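Have a look at the picture, then read on.

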Protein chains: 2
Amino acid sequence: MLKLTRKLEYALIALRHMQDKGDTFISAKEIADMYLIPRELLAKTLQQMVKLNYIKAAQGPHGGYRVRKGLTEISMTQFMEDLEGPMGIVDCNINAECIQLENCNIRLPIKKINSNIRAIFNEIRVGDITS
Amino acid sequence: MLKLTRKLEYALIALRHMQDKGDTFISAKEIADMYLIPRELLAKTLQQMVKLNYIKAAQGPHGGYRVRKGLTEISMTQFMEDLEGPMGIVDCNINAECIQLENCNIRLPIKKINSNIRAIFNEIRVGDITS
DNA sequence: GTTATACCCGACTAAAATAATCGTATTAAT
DNA sequence: ATTAATACGATTATTTTAGTCGGGTATAAC
Ligand code: SF4
Ligand code: SF4
């Protein structure tokens, strides 16, 4: 329980690698090979980050991806939710339904824990991991 | 991502309910019906907690379960790992293998986040939720 | 203008983790 | 005896996560 998804890890690994390389475009293939990440999966994740304006893509030979300025200032909460959707330790802390909700006797204390966890990720920026 | 398991929620709901009832034995059926929790699943979870010495069982008619004194002092980390096994936001923070480990460029910052999350659960006791 | 390299994108499949169910045995109060 | 309850292992179903495939588009180099 309480795990990050693999996709998030791959995204962070790639971002850090790209950041190390500065302004040059890095191909998905290069990163996938270097860190033993499944190519197609990494590619899909990078494409998602392009849509989110986290990185910039260049097509054709010598193409690839490059980190956009300002990405490092984004909070991990934002980053994670952009990539994986709402974050919450239980259903009632996100959109989801819960049939226990009406009688639930632990909702409030759980909600408080959830806030504490969110607070951790709110205070961490992507750059704290990728720089 | 980052969710508690349903089993943990059911366990906490049951513990809180039993605690409210003091020393009397409460049947799994009663709790399951009250909170709309699947009977067999709750029963299995309660049985697990008996083995962990968290609660005491009584068989036969008028039997059921009752919370053991001292349970409330247990940390949530202990509780969660007793019920669900090792907790960690990524594989390298628990037992599990990871083929990225050797070249991983985010391991250290992630490890720090993991410590922060564990710290939250270390500071919370079961009684903070069930009392 | 052909070729090679790389991104784009949606659909699909596989694997793993989680959630729920079933069947049978045991215990004890009435 | 009967009934109401726990004990426990095996099994199945569901959901989430992870990974794959196939066909397309852009562009640099020759
Ligand atoms: S805390 Fe209670 S209401 Fe919220 S998801 Fe869990 S069971 Fe449902
Ligand atoms: S942080 Fe790196 S080493 Fe640890 S599990 Fe994730 S990829 Fe593997």
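## Cavities between two chains

H1(A) gives the most to the lining of the largest cavity, with 4 residues. Before going further, some ground rules: this is a predicted model, where local features need pLDDT of at least 70 and side-chain atom pairs count only at pLDDT 80 or more, while totals for chains, interfaces and linings use all residues. Residues are numbered from 1 along each chain as its sequence is written, chains are lettered from A and ligands numbered from 1 in the order in which they are written, and side-chain values use heavy atoms, with hydrogens and water left out.

So what is a cavity here? On a 1 Å grid over the protein atoms alone, it is a set of points where a 1.4 Å probe fits but cannot get out, and lining residues have an atom within 4 Å of a point. Grid points are joined across faces, edges and corners, and a volume is the space filled by probe spheres set on the points. By this rule there are 2 cavities of 30 Å³ or more.

The largest cavity has 14 lining residues, and those nearest its centre are Glu9(A), Val90(B), Cys92(B), Cys98(B) and Cys104(B). H1 of chain A and helix H5 (107–123) of chain B are the elements that give two or more residues to this lining. (Helices are DSSP runs of H or I with at least four residues, strands are E runs with at least two, and both are numbered from the N terminus.) The second largest cavity has among its lining residues Val90(A), Asp91(A), Cys92(A), Arg6(B) and Glu9(B). Here H5 of chain A and helix H1 (6–20) of chain B each supply at least two residues.

Here are the two side by side. Ala, Val, Leu, Ile, Met, Phe, Trp, Tyr, Cys and Pro count as nonpolar, Asp, Glu, Lys and Arg as charged, and the others, Gly among them, as polar.

| Cavity | Volume | Lining by class |
|---|---|---|
| Largest cavity | about 110 Å³ | 9 nonpolar, 1 polar and 4 charged residues |
| Second largest cavity | about 70 Å³ | 7 nonpolar, no polar and 4 charged residues |

Now for the interface. 44 residues of chain A are in contact (heavy atoms within 4.5 Å) with 44 residues of chain B. Together the chains bury about 4100 Å², 66% of it on carbon and sulfur atoms; buried area is the accessible area (1.4 Å probe) that two parts lose on being put together, summed over both. Met1(A), Leu2(A) and Asn105(A) supply 20% of what chain A buries against chain B, more than any other three residues.

How many salt bridges are there between chain A and chain B? The count is 4, where a salt bridge is a side-chain nitrogen of Lys or Arg within 4 Å of a carboxyl oxygen of Asp or Glu. One of them pairs the side chains of Asp91(A) and Arg6(B) at 3.3 Å, N to O. Over all chains, the structure holds 18 salt bridges. Another pairs Asp91(B) with Arg6(A) at 3.2 Å, N to O. Asp91(B) sits in the loop between helix H4 (76–84) and H5 of chain B, and Arg6(A) in helix H1 of chain A, so this pair joins two chains.

Finally, chain A by itself has 6 helices and 2 strands, in the order α-α-α-β-β-α-α-α along the sequence.

Methods
1 Å grid on protein atoms, 1.4 Å probe; cavity = no way out; pocket = protein on both sides within 12 Å on 5 of 7 lines; lining within 4 Å.
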